[in-house]
Amino acid sequence: MTADSTDAGFGTAQVRRARFAVAAVFTVHGAVTGSFATRVPWIQDHAGVSAGQLGLALAFPAIGASLAMPLASAITHRFGARTALRGLLALWTLALVLPALAPDLLTLCAALFVYGASAGMSDVVMNALGVEVENRLDKSIMSGLHGMWSVGALIGSAAGTMAAHLGTDARLHHTLAALVLTALGLIACQGVLDLRSEPDEEPPPRFTLPPRSALIIGAVGFCAVFAEGASLDWSAVYLRDIMDTSAGLAAASTTAFALTMAVARIAGDKVVDRFGAVRTVRFGGVLATAGGLLVVASPNAVLAMCGFGFLGLGVAVVVPLAFAAAGRSGPNPSQAIAGVATITYTSGLIAPSAIGSLAEATSLVVSFGLVTVLAFGLVLGAGVLRAGDRRSVSHSDAGAPSAAAAEQRP
């Protein structure tokens, strides 16, 4: 899809409705992640795997996403954005059922491969549509959309916390959640922009080589998303194994993390407009570092949960700002955004595996020591996001990538 081929036919009211629709899609997508994260301890026990084996299994979402994400652009090009999103989002919500059904390590790896593949493809399409709506509204909405993803993760984790507290079988919990989320996702997709390619338009390239600027910006995004992914998937296990808490309280740590992420992202656009991208990320890095230190040094579960909350608050707005900086970092915004997206998304998917492997070799406390070091990297690297500061670069001069640009992300 090119910008020219999609400009006609969408009035202001329709674009505004599409903003709410794509926000609902982000919420549904996040709810799947939240639902899964709170039941990781149950899935680990059901499959009978150790921390190291769980870490290995949690690498398979990264493998699945890396192989499948390039297909999202081709699917969108062939069927149109609305149809593509409808199918891929339904695949993602239904994939929630698979990990809880796995009886051993091999089947868990296979289930998580499908889980990651469907997550990556639907993520590409919904972000492309979010960028397109942002372009048409001519104002920043991406932090808010990511905030709605965190709201969804919060809702999913809250439901998971209740299910864990009641001792509900995760197979039943995830089956019911998948059915509800699939229905909600299909309804939400009806309102998104139905962007379509011209009949004679060539499909977008499946792979792009990111410029050097994208690699530098992506490194900052890597630190933030690594901390996010590690906390989402391992906070409950950390509370259970290190703090010896109940299953319900352990799951609540994921809820605390998701809550701070949601609040920070929803407020993120206004905060960045007031203080600038660099200062916002630098202060966020300080908060995240303090949170990581609190997690690893905490003598009790309550302080550890507070630490996870500070981690979420500190890293929340980094990824939207990394995309903004990439789009303004050179003459080819789509190529830069593709590179940053690949780095940050892969970081979130490999983080749980890396945490598990390090925990197997040492301990979970050491693993979150690594998270703390990476969080401090935000303090040191915040300056590279200066290009994404809307106070110093006007929207009309910088622009944001079109849907076609976003869809080219591998």
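This report walks through a predicted model of an all-in-one-chain view, from overall make-up to single residues.

## Overall make-up

Let us start with the whole protein. It has 20 helices and 0 strands. Of its 410 residues, 60% count as buried. The protein exposes about 15400 Å², and carbon and sulfur atoms supply 67% of that area. Among contacts between residues at least 6 apart in sequence, 87% join residues at least 24 apart.

Helix α5 covers residues 60-79, which makes 20 residues. From its first C-alpha to its last the helix reaches 28 Å, close to the 28 Å expected at 1.5 Å a residue. The helix also has a bend of about 35 degrees at Ala-68, with a proline, Pro-70, following within four residues. Both Ala-68 and Pro-70 are buried, and the buried residues of α5 also include Pro-61, Gly-64, Met-69, Thr-76 and His-77. Just after the helix comes Gly-80, with a positive phi of about 90 degrees.

Ile-63, also found in α5, is partly exposed, with a relative accessible area of 37%. This residue belongs to a nonpolar patch on the surface, together with Leu-67, Leu-98, Leu-101, Phe-113 and Val-114. Taken together, the patch residues have about 480 Å² of accessible area. Which helices supply at least two residues each to the nonpolar patch? They are α5, α7 (97-101) and α8 (105-137).

## Salt bridges

The structure holds 4 salt bridges.

| Pair | N to O distance |
|---|---|
| Arg-171 and Asp-169 | 2.6 Å |
| Arg-240 and Asp-241 | 2.9 Å |
| Glu-228 and Arg-265 | 3.3 Å |

For the remaining row, Asp-241 counts as partly exposed, at 43% relative accessibility. Salt bridges that share partners join Asp-241 with Arg-240 and Asp-45 into one network.

## The loop between α11 and α12

Asp-244 is found in the loop between α11 and α12. What is the phi of Asp-244? The angle is near 55 degrees, a positive value in a residue other than glycine. That is worth a second look, because most residues other than glycine have a negative phi. Asp-244 counts as exposed, since its relative accessibility is 67% and the cut-off for exposed is over 50%.

Gly-348 has its place in helix α17 (residues 333-361). With a relative accessible area of 17%, Gly-348 is buried, as that value falls under the 20% cut-off. Which residues are in contact with Gly-348, leaving aside its neighbours within four places in sequence? They are Val-225 and Gly-229. The C-alpha atoms of Gly-348 and Ala-227 are separated by 7.9 Å, although the two residues are 121 apart along the chain.

The other site is Thr-161, in helix α9 (residues 142-165). Thr-161 is buried too, with a relative accessible area of 14%. Not counting residues up to four places away in sequence, Thr-161 touches Thr-38, Gly-248, Ala-251, Ala-252 and Thr-255.

Notes
Residues are numbered from 1 along each chain as its sequence is written. This is a predicted model: local features need pLDDT of at least 70, side-chain atom pairs count only at pLDDT 80 or more; totals for chains, interfaces and linings use all residues. Side-chain values use heavy atoms; hydrogens and water are left out. The expected span of a helix is 1.5 Å times one less than its number of residues. The bend at a residue is the angle between axes fitted to the seven residues ending there and the seven starting there. Buried means under 20% relative accessible area, exposed over 50%, partly exposed in between (1.4 Å probe, protein chains only). Patches are made of residues with over 30% relative accessible area and no salt bridge: like charges are joined within 9 Å, nonpolar side chains (Val, Leu, Ile, Met, Phe, Trp, Tyr) within 5 Å. Accessible areas come from the Shrake-Rupley method with a 1.4 Å probe; for residues, only the protein chains shown count as cover. A salt bridge is a side-chain nitrogen of Lys or Arg within 4 Å of a carboxyl oxygen of Asp or Glu. Contact means heavy atoms within 4.5 Å.
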